[in-house]
Amino acid sequence: MAGKTVAKLVIDGVIEEKNETYNQKWILEQIEDISEDKANAGLLLFIDSPGGGVYESDEVFEAVLKYKRETKRPVYAYFASLAASGGYYIGCSADKIFANRNTLTGSIGVIAGRFVDLTELMKKHGIKSETVHAGRNKVMGSFTEPVTEEQKKIMQSIADECYCQFTQIVSESRKLDIEKVRELADGRIYTANQAKNNGLVDDVMNFEEAKNLIYTEVFGNKDYKKDLEEYKYKPKPSLVKKFLKQTSFSFGKLDSLTEIALKSAKLPFPAFYYDSQRF
């Protein structure tokens with residue numbers, strides 16, 4: 001195996017179709033390319049993410065499983081500052097999970113959606129809105145309509161199904177009894193040591209220690225290229241962003257509540273997502 005390398009695939013930021021640090025299509029393409037690389041001897045997922053969409057998280061999870069099946073090569077995961085919800089979900093595709101001692105992980109749970117009811121506020125200010133629709137739940141989630149009990153049950157059923165999928169994957173990948181997983185999976189986050197004690201990760205160490213351990217397991221005492229072959233998404237800056245950067249022009253910051261609302265609105269639902277700024 002002399003000269004062969006281990007690929008380091010960086011999963012950074014919210015797991016969705018595309019944003020400043022993450023690109024779903026790019027991630028899937030890299031996994032495919034690494035799989036076809038004859039010089040590749042293993043894969044390390046470097047995860048620093050609060051999670052994201054159920055669809056996107058599961059798609060990456062399945063792509064890594066396919067890599068393992070087709071190549072018979074080992075997969076490792078290293079958790080940086082945050083590997084929560086969908087980030088942890090993807091980490092479960094690895095044969096072994098290592099975490100930094102300052103990592104926060106877990107958050108095993110599902111957000112099926114958020115409802116904001118502005119009907120009373122609109123009524124107070126004389127604002128009227130009407131949507132012509134067929135099917136009493138067609139406009140479910142609209143801020144111009146109050147949420148019904150039936151609609152809450154519909155969204156809860158979606159959350160429950162995704163939750164069942166998540167806990168089953170944790171149980172199978174971490175070889176934990178499903179009842180134990182359900183006890184752990186109340187949505188909370190865990191420190192690295194708490195996660196290790198509960199069987200959610202294998203060990204706690206810094207990145208260099210993890211890298212050396214991985215290379216020893218993959219290559220034994222044989223010669224190998226010590227540098228990881230890193231794959232990290234780097235978006236091309238738009239002309240507008242280039243202009244703003246060059247001119248240092250700013251429109252001013254939105255208030256924090258508005259920023260959170262806009263960020264949440266972009267998130268795909270249902271989601272395996274840890275939101276440290278819930279409102």
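This is a predicted model: local features need pLDDT of at least 70, side-chain atom pairs count only at pLDDT 80 or more; totals for chains, interfaces and linings use all residues.

User: Okay, strand β4 then: how many of its 10 residues are buried?
Analyst: 9 of them, so β4 (residues 75-84) is largely enclosed by the rest of the structure.

User: And what does β4 make with helix α3 and β5?
Analyst: A right-handed β-α-β unit, with α3 covering residues 86-91. Strand β5 (residues 96-99) pairs with β4 in the parallel sense, over 4 bridges. Within that pairing, Y78 is opposite F98 of β5.

User: How many bridges link β4 to strand β2?
Analyst: There are 6, again in the parallel sense, with β2 spanning residues 40-49. S49 sits opposite A83 of β4 there.

User: What about β6, which residue is the bridge partner of L82?
Analyst: That's L104 in β6. β4 and β6 (residues 104-106) run parallel and are joined by 3 bridges.

User: Switching to the loop. Where does N19 lie?
Analyst: Between β1 (5-12) and α1 (24-36).

User: Does N19 count as buried or exposed?
Analyst: Buried: its relative accessibility is 18%, and the cut-off for buried is under 20%.

User: So which side chain does N19 make a polar contact with?
Analyst: E16, at 2.9 Å, side chain to side chain. A polar atom of the N19 side chain is also 2.9 Å from the backbone nitrogen of T21.

User: And which residues does N19 touch beyond four places away in sequence?
Analyst: V14 and Y233.

Note on methods: Residues are numbered from 1 along each chain as its sequence is written. Side-chain values use heavy atoms; hydrogens and water are left out. Buried means under 20% relative accessible area, exposed over 50%, partly exposed in between (1.4 Å probe, protein chains only). Helices (H or I, at least four residues) and strands (E, at least two) are DSSP runs, numbered from the N terminus. Two strands pair if DSSP finds at least two bridges between them. A crossover is right-handed if, with the strands pointing away from the viewer, the path from the first strand over the helix to the second runs clockwise. A polar contact is a pair of N or O atoms within 3.5 Å; within protein, one must be able to donate a hydrogen and the other to accept it, and residues adjacent in sequence count only if both atoms are side-chain atoms. Contact means heavy atoms within 4.5 Å.
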